[in-house]
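Keep the sequence and the coordinates open side by side.

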Amino acid sequence: PDPREMDMLMATGEMQSIALLTMAIKSKNLDAISLTGSQAGIRSDSVHTKAKIKKIKPKKIIEELKKKKIVIVAGFQGINPNDDITTLGRGGSDLTAIALAAALKAKECEIYTDVKGVYTADPRVVLDAKKLDTISYDEMLELASVGSQVMMARSIEVAKKYDVVIHVRCSFSTEEGTFITREVPKMENVVVSGVAYDKNEAKLSITDVPDKPGVAAKIFCALAKKNINVDMIIQSAASEKYNDISFTVSKDDLSNTVELLKNVSKKIGGGVVIFDENVAKVSIVGIGMRSHPGVAAKMFKILADTGINIQMISTSEIKISCVVSSRDSDEAVRVLHDGFDLG
């Protein structure tokens with residue numbers, strides 16, 4: 001469907017929800033008012049279905065709060081410079097809440113979900129995964145980027161930029177959840193904070209790529225033009241002036257990427273395109289890695305001792321990711337969780 005009309009349709013779900021919630025609150029003899037994204041002053045760019053918030057002018061929210069009203073704001077939506085409704089894409093409701101907390105200078109932003117907080121691993125895979133009391137923005141960003149589904153990376157980026165403390169907690173419990181906050185010195189004592197996995201990965205390779213300047217640029221510029229997001233990249237050492245380039249993409253982009261790479265390979269004089277969708281990315285994250293050597297070696301040894309083969313490796317200052325066979329991913333998460341004493 002046309003993206004503008006799709007946004008008009010998608011936004012109606014949140015509008016129904018805010019009206020129903022406000023009616024329910026009013027039935028308890030409390031004063032409340034519902035506001036759409038545009039009424040709340042949420043201004044976005046013009047990209048329909050995945051707009052970015054540009055600024056918030058919460059004038060009406062503040063006016064209604066001064067009248068002692070409970071203000072219910074529709075998440076996931078805004079209004080663009082043409083006064084058209086836009087939606088904010090995946091994770092847009094969390095993003096709205098955190099952006100509003102920043103604009104209103106709130107003490108913290110509570111995000112209610114169906115789990116009790118952020119865990120050291122997925123509790124469905126690791127039965128003795130434990131809930132974290134606190135985690136830094138950077139660690140949460142890394143966990144979100146490598147498969148943790150509790151929070152989306154976009155909302156964490158906004159929280160970090162505006163120093164909004166996030167409290168992730170359960171809708172069905174009064175217990176404290178997990179605080180996502182600025183890094184504090186005691187966090188560095190914990191080497192690894194969590195293990196995450198992502199099964200929505202596919203690995204591709206172009207073989208026999210000529211080893212000369214500009215070839216890699218042609219491959220990845222072609223992918224960028226088609227908005228295909230590339231994750232891990234490995235280039236083998238050149239042999240007889242040829243090498244192989246391997247990388248991972250989302251499984252959703254696999255078929256488009258394969259077709260594109262076949263055309264690019266012909267143009268650059270490369271070889272065949274190989275792909276494997278039976279892979280998964282397993283990652284460990286922790287700001288303590290900065291000051292503790294040997295973390296990567298320990299991770300690789302744990303996987304090797306379990307007989308799990310590593311196909312690709314990627315690292316950042318506080319994260320190490322490995323691509324393994326998808327059939328080994330759950331076991332890899334469990335042994336790493338045990339190996340780093342996270343239970």
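Contact here means heavy atoms within 4.5 Å of each other. The model is predicted.

Helix 6 spans residues 215-225, and its buried residues are Val215, Ile219, Ala222 and Leu223. Why do they sit on the same side of helix 6? They cover an arc of only 100° around the axis, so they share one side. An α-helix has 3.6 residues a turn, so residues three or four places apart point the same way. The cover over the buried residues of helix 6 includes strand 11, strand 12 (230-235), strand 13 (242-250) and helix 7 (254-268). Just after helix 6 comes asparagine 227, with a positive phi of about 55°.

Which strands pair with strand 11? Strand 14 does, in the antiparallel sense, over 10 bridges. Within that pairing, serine 205 has isoleucine 274 of strand 14 as its bridge partner. Strand 13 also pairs with strand 11 in the antiparallel sense, over eight bridges. There, glutamate 201 is bridged to serine 250 of strand 13.

Now the cores. The largest nonpolar core has 24 residues. Val282, Ile284, Met299, Leu303, Val333, Leu336 and Phe340 have the most contacts inside it. Two or more residues come from each of strand 11 (194-210), strand 14 (273-285), helix 8 (295-305), strand 16 and helix 9 (329-339). Beyond its neighbours within four places in sequence, valine 333 is in contact with Ala121, Val125, Val126, Val195, Tyr197 and Val282. A second, separate core holds 21 residues, including Ala101, Met151, Ile166 and Val285.

Strand 16 covers residues 319-325, and serine 325 lies in it. Is serine 325 buried or exposed? It is buried, because its relative accessible area is 12% and the cut-off for buried is under 20%. Residues up to four places away in sequence aside, serine 325 touches Asn278, Val279, Ala280 and Gln311.

Four strands form it in the order 7-9-10-8, with mixed pairing. Strand 7 (109-113) and strand 8 (134-136) stand at the edges. Each has a single partner strand, so one side of each is left without a neighbour in the sheet. From one strand to the next, the twist averages 25°. Strand 9 (residues 166-170) and strand 10 (residues 178-181) pair in the antiparallel sense over three bridges. Isoleucine 166 has isoleucine 180 in strand 10 as its bridge partner.

Helices pack on this sheet. Helix 3 (residues 92-103) touches strand 7 and strand 9, and its direction makes about 165° with that of strand 7. Helix 4 (residues 137-145) touches strand 8 and strand 10, and its direction makes about 80° with that of strand 8.

Helix 3 has a helical partner too. Two packed helices are described by the angle between their axes and the distance between the axes. For helix 3 and helix 5 (residues 153-162), the angle is about 10° and the axes are 8 Å apart. That makes helix 3 roughly parallel to helix 5, because angles under 35 degrees count as roughly parallel. Helix 3 brings Asp94, Leu95, Ile98, Ala99 and Ala102 to the contact. Helix 5 brings Arg154, Ser155, Val158, Ala159 and Tyr162.

Note on methods. Residues are numbered from 1 along each chain as its sequence is written. This is a predicted model: local features need pLDDT of at least 70, side-chain atom pairs count only at pLDDT 80 or more; totals for chains, interfaces and linings use all residues. Side-chain values use heavy atoms; hydrogens and water are left out. Buried means under 20% relative accessible area, exposed over 50%, partly exposed in between (1.4 Å probe, protein chains only). A nonpolar core is a set of buried Ala, Val, Leu, Ile, Met, Phe, Trp, Tyr and Cys residues joined through side-chain atoms within 4.5 Å. Two strands pair if DSSP finds at least two bridges between them. Axes are lines fitted to C-alpha atoms, for helices over the stretch in contact, and angles run from 0 to 180 degrees between N-to-C directions. The arc is that of the directions from the helix axis to the C-beta atoms. Angles under 35 degrees count as roughly parallel, over 145 as roughly antiparallel, 65 to 115 as roughly perpendicular and the rest as oblique.
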